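I opened the model to look up a few strands, salt bridges and a loop residue. My notes follow in the order I took them.

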Amino acid sequence: MGNVTVIGAQWGDEGKGKIVDWLASRADMVVRFQGGHNAGHTLVVGDQVYKLSLLPSGIVRGTPSVIGNGVVLDPWAFKAEVEKIAAQGISVTPDVLMIAETCPLILPFHRDLDALREDASGAGKIGTTRRGIGPAYEDKVGRRSIRVCDLAQLDDIGPLLDRLCAHHDALRAGFNEPPVDRERLLTDLREIADFVLPFARPVWRDLDAALQRGKRILFEGAQGVLLDVDHGTYPFVTSSNTVAGQTGPGSGIGPRGAGFVLGIVKAYTTRVGSGPFPTELEDETGQRLGERGHEFGTVTGRRRRCGWFDAVLVRQAVAVSGVTGVALTKLDVLDGFKTVRICTGYRIDGREFDYLPPHAADQFRVEPIYEEVEGWPGTTRGARSWADLPARAIKYVRRIEELIRCPVALVSTSPEREDTILVRDPFAG
C-alpha cells in the first residue's frame with residue numbers, strides 16, 4: 001500500500017476537498033505542499049459544511065496533518081481559520097497539525113502590494129485573490145523571507161528586516177505609499193508568534209519516519225495544474241508549482257514519495273478570474289452549469305466561468321503532472337442535457353492544434369473543436385456503483401478516458417462523502 005498525491009487537473013475548484021476527505025479516513029498523514037490561503041476546499045460531512053483555505057483537509061477527520069515548507073503561511077489567517085473551525089467542533093492542536101518551521105510568512109505588506117499591483121494593472125489584471133501569495137513567493141526566491149522559525153528569534157531579525165524593507169520600501173514609494181512600519185510589524189509578529197510556534201517543527205523528519213514505517217501519506221495539492229507557474233496559462237497562473245512533482249520539494253520527502261497521482265477533474269470545466277478559457281459558455285448553457293454546480297469560489301465568492309469539458313487541456317495536465325488516474329467529479333451536473341460536448345482540439349486561423357499554444361495571445365484566440373455525445377435521461381446523483389449509472393453516462397466517462405489517455409479511478413456523484421464510485425483504489429497503487 002503506497003502514498004497518494006491529489007492534484008487538480010484543471011484550473012482548480014474541481015472538488016478536491018471531498019476526494020481528499022474521502023481518502024483521508026484511510027491515510028496516516030495528510031500533507032499540504034504548496035500554495036497558501038488562496039486555496040479553497042469545501043468538505044460536506046453529514047449536515048456540517050467545512051470551508052478550509054490553509055488547513056489540510058485531513059484535519060476534519062482528526063488525521064495527523066502537515067503544512068509543508070512549500071506553503072506560504074499567513075499567520076493571522078491561520079489563527080482565524082483555526083478559531084473558525086474550532087467553533088464548528090474541530091480542535092486543532094500541535095498533536096494533530098504540524099507546520100514546517102521553514103515555511104515563509106505572508107506579511108501585511110505582501111497583501112498591500114498584491115492589491116496595489118492589481119489595481120494599477122488595468123487590462124493586465126490576472127485575477128489575484130489579493131492575499132499576498134505572489135509577493136510572498138517573490139520574497140522567498142529573493143532570499144529575504146521571514147520564515148516560521150524566525151518567530152522564535154525576533155531579536156536577531158534586524159539584518160533580514162533591513163533586506164526585506166529595502167526591497168518593499170522602494171516598491172511602496174512607487175505607489176506613493178509610506179515605508180514599512182518596522183516597529184508595528186515586529187509587535188504584530190511577537191503577538192502572533194506564541195500561537196504559531198507550538199505547531200512548528202522539522203516536519204521532514206516526521207515524514208521520513210512515516211515513510212520508513214510504511215505509513216500511508218496523502219499529499220494534498222491546491223489550485224490546479226493549469227494554474228502552475230511553469231505549465232499553466234501564464235501569466236494567468238498562481239505563483240507556485242501545482243504539479244505532482246512539487247510534493248518532494250514542497251514537503252521534504254524527495255521524489256520517491258508521491259505515489260499514485262490522482263488528478264481531480266470536473267465533468268465540465270470552470271475557471272475563476274481572468275485568463276483564456278477555450279470552451280467557456282457565455283449563454284444559457286453556461287448559466288445552467290453554474291447554477292446546477294453551485295459554482296462560486298470558496299475563498300473569493302466570485303462566480304466561476306463555466307464551459308464544456310476540455311479534453312485537450314486535461315490531457316496536457318495529465319502528461320506534465322504524471323497523473324496515474326483521475327477522479328471525475330460533478331457528473332450529476334450534466335444530468336438531463338440532451339447532448340453534451342467535449343473539446344477534442346483547437347483551431348487558430350485554420351491551423352489545428354492538439355495542445356494549447358504557450359503564448360497568451362494565441363490562447364485567447366483558439367477556437368474549440370467539439371465532439372457531441374448523447375446526454376442521458378434519469379440521474380447520476382448519489383450513484384455509488386457503475387450499475388447505478390445510465391448507460392450513456394458510462395459511455396461519456398469512457399470517452400473522456402480515451403481522449404485524456406488516462407483511466408478514471410473514482411467518480412463523484414454528489415458533494416456527499418459516500419456518493420463515490422471506486423473504480424481503482426489509489427492506495428493500492
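**Entry 1: strand pairing**

I began with strand β5 (residues 65-67), which pairs with β6 in the parallel sense over 3 bridges. I am working from a predicted model, where local features need pLDDT of at least 70, side-chain atom pairs count only at pLDDT 80 or more, and totals for chains, interfaces and linings use all residues. Residues are numbered from 1 along each chain as its sequence is written, and side-chain values use heavy atoms, with hydrogens and water left out.

For the element names I used DSSP runs, numbered from the N terminus: helices are H or I of at least four residues, strands are E of at least two. Two strands pair if DSSP finds at least two bridges between them. I noted the general rule that strands of a sheet pair through backbone hydrogen bonds, either parallel or antiparallel.

I then traced β5, α2 and β6 and recorded a right-handed β-α-β unit. Right-handed here means that, with the strands pointing away from the viewer, the path from the first strand over the helix to the second runs clockwise.

I also looked up the pairing of β6 with strand β7 (residues 200-201), which is parallel over 2 bridges. Ile99 stands opposite Ala200 in β7.

**Entry 2: the faces of β6**

Are the faces of strand β6 (residues 97-100) covered or open? Both are covered: Leu97 and Ile99 are buried on one side, Met98 and Ala100 on the other. Buried means under 20% relative accessible area, exposed over 50%, and partly exposed in between (1.4 Å probe, protein chains only).

**Entry 3: the sheet**

I wrote down the order of the open sheet, β7-β6-β5-β2-β8-β1-β9-β13-β17-β18, which has 10 strands and mixed pairing. Its edge strands are β7 and β18 (420-422), each pairing on one side only. Val411 has Ile421 in β18 as its bridge partner.

**Entry 4: salt bridges**

How many salt bridges does the structure hold? I have 29 on record, a salt bridge being a side-chain nitrogen of Lys or Arg within 4 Å of a carboxyl oxygen of Asp or Glu.

I checked Glu14 and Lys16, whose side chains meet in a salt bridge at 2.9 Å, N to O. Both residues are buried.

Glu83 and Lys79 form another, at 2.6 Å, N to O. They sit 4 residues apart in helix α2 (residues 75-86), so about one helical turn separates them. Glu83 is partly exposed at a relative accessible area of 42%, and Lys79 is partly exposed at 28%.

In helix α12 (residues 391-404), I looked at Arg398 and Glu401, which lie 3 residues apart, about one turn of the helix. Their salt bridge has its closest N and O atoms 2.9 Å apart. Arg398 counts as partly exposed because its relative accessibility is 35%, whereas Glu401 is buried at 14%. I also noted one network, in which salt bridges that share partners join Asp13, Lys266, Glu295, Arg304 and Lys330.

**Entry 5: a loop residue**

Last, I looked up Ala123, in the loop between α3 (108-120) and α4 (133-141). Is Ala123 buried or exposed? Its relative accessibility is 86%, so Ala123 counts as exposed. Ser274 is 151 residues away from Ala123 along the chain, and their C-alpha atoms are separated by 10.0 Å.
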